[in-house]
Amino acid sequence: MADVRRSLNCLIYSLRKLAINPKCIIVFALLYIHMKDSYQGLIGFLADYDETINAFGLFINMISDPHFVMIAGIGLMLIFSDAPFFDDAQQYILIRAKKGPWIAGQIFCVLLATAVYLLIMLGIQHLILHPYLTYDNQWGRAIHTLSRTDLGDNYDLLVGFHRDYMRMWSVRRCFALGMILRWGAYATCALIIFIINILSTSKAGIFAAIFILLFDLFMDFGVSATFYVLSISSLARLPLLNMGTNPYFPRVELAMSVLWGSFLVAVALAWITGRRVDLIYSASEN
């Protein structure tokens, strides 16, 4: 029980430091600008036709767009570029809390901060589009129209809408699945930064995480669907999964298995490599 309390204290301290980090403010400001620009065409469409749009359905389509996933993901990776978060105070906390609870607190900080990042993105969407949003469990006329016609081309929409999962699942079920998959993909990338930064005693981990995000974008340019399983970020995009209509795409069960297998391996490696933190940072300071 004492170790749990120490882990929570380490988690709370790391989250507080992260919340006041200037990088967070800059990333969210840039993300707001990008999302507002991306939604301009949609706002025009909704205003012209006096329509509303389901917030969950819109967001799940947004985080399935490879360009948006890459931009938002790079912002998150910049926030985590310093992981594990280590400073003079953390050295003192490490000594008092002991190594195990400190590592657990750092890992939970990455996982929780990733979830908060996605929720803040949802909040930014609300700030930009709140007059036009609904939060019920219906896909709504706007999304059905944009997914079945080319009307969106007249408004230069930067977000696409896909019909396959709309036929099978409710909007809230799709939202829950898409959020879990995207959280798993982003959290795995963040943990990779954590691991490589410790092993290299540098901040080289961000390059590996950004490569994973760019590889997802590469998958969108005519690569055979057989190779989607090689990209954890691609497996988190619902339009690239087999919903019963495209046998060449990975099935949802396969995507979940690969993604969560990668996530658990990353957590285990983060724990193992984290055991070297005190030795590494003591050596680097000397």
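Visitor: Quick one to start. Is C109 buried or exposed?
Guide: C109 is buried, at 0% relative accessibility. Keep in mind that this is a predicted model.

Visitor: And C24, buried or exposed?
Guide: C24 is buried, with a relative accessible area of 9%.

Visitor: How many disulfides are there?
Guide: The count comes to 0 disulfides. For C24, the nearest cysteine sulfur is that of C109, 9.5 Å away. For C109, the nearest is that of C24, again at 9.5 Å.

Visitor: New topic: rings. How many aromatic pairs turn up?
Guide: A search of the whole structure finds 10 aromatic pairs. One of them is F56 with Y135. Their ring centres are 5.5 Å apart and their planes stand at 80°, so this pair is edge-to-face.

Visitor: Where do F56 and Y135 sit?
Guide: F56 is in helix α4, residues 55-62. Y135 is in the loop between β2 (133-134) and α8 (140-148). The pair therefore ties together parts that are 79 residues apart in sequence.

Visitor: Which of those is buried, and which is partly exposed?
Guide: F56 is buried, at 15% relative accessibility. Y135 is partly exposed, with a relative accessible area of 33%.

Visitor: Which residues form a cluster with them?
Guide: F59 and F175 do. Together, F56, F59, Y135 and F175 form one aromatic cluster.

Visitor: What about F215 and F218? What kind of pair is that?
Guide: Stacked, because their planes are at 25°, with the ring centres 6.2 Å apart. Both lie in helix α11 (residues 205-219), 3 residues apart, or about one helical turn. An α-helix has 3.6 residues a turn, so residues three or four places apart point the same way. F215 itself is partly exposed, with a relative accessible area of 23%.

Visitor: What lies over the face of Y186?
Guide: R182 does, at 5.2 Å from the ring centre.

Visitor: Last topic: α10. How many residues does it have, and what span should they give?
Guide: Helix α10 has 30 residues, 171-200, and at 1.5 Å a residue they should span 44 Å. Its end C-alpha atoms are 43 Å apart, which agrees.

Visitor: Is α10 mostly covered or mostly open?
Guide: Mostly covered: 22 of its 30 residues are buried.

Visitor: What follows α10?
Guide: T201 does, and its phi is positive, near 50°.

Terms used. Residues numbered from 1 in each chain as written. Predicted model: local features only at pLDDT ≥ 70, side-chain atom pairs only at ≥ 80, totals over all residues. Heavy atoms only, no water. Phe/Tyr/Trp six-rings, centres within 6.5 Å; stacked < 30°, edge-to-face > 60°. Helix = DSSP H or I, 4+ residues; strand = E, 2+ residues; numbered from the N terminus. Buried < 20%, exposed > 50% of the residue type's maximum accessible area, 1.4 Å probe, protein only. Lys NZ or Arg CZ within 6 Å of the ring centre and 35° of its normal. Disulfide = S-S within 2.5 Å. Expected span 1.5 Å × (residues − 1).
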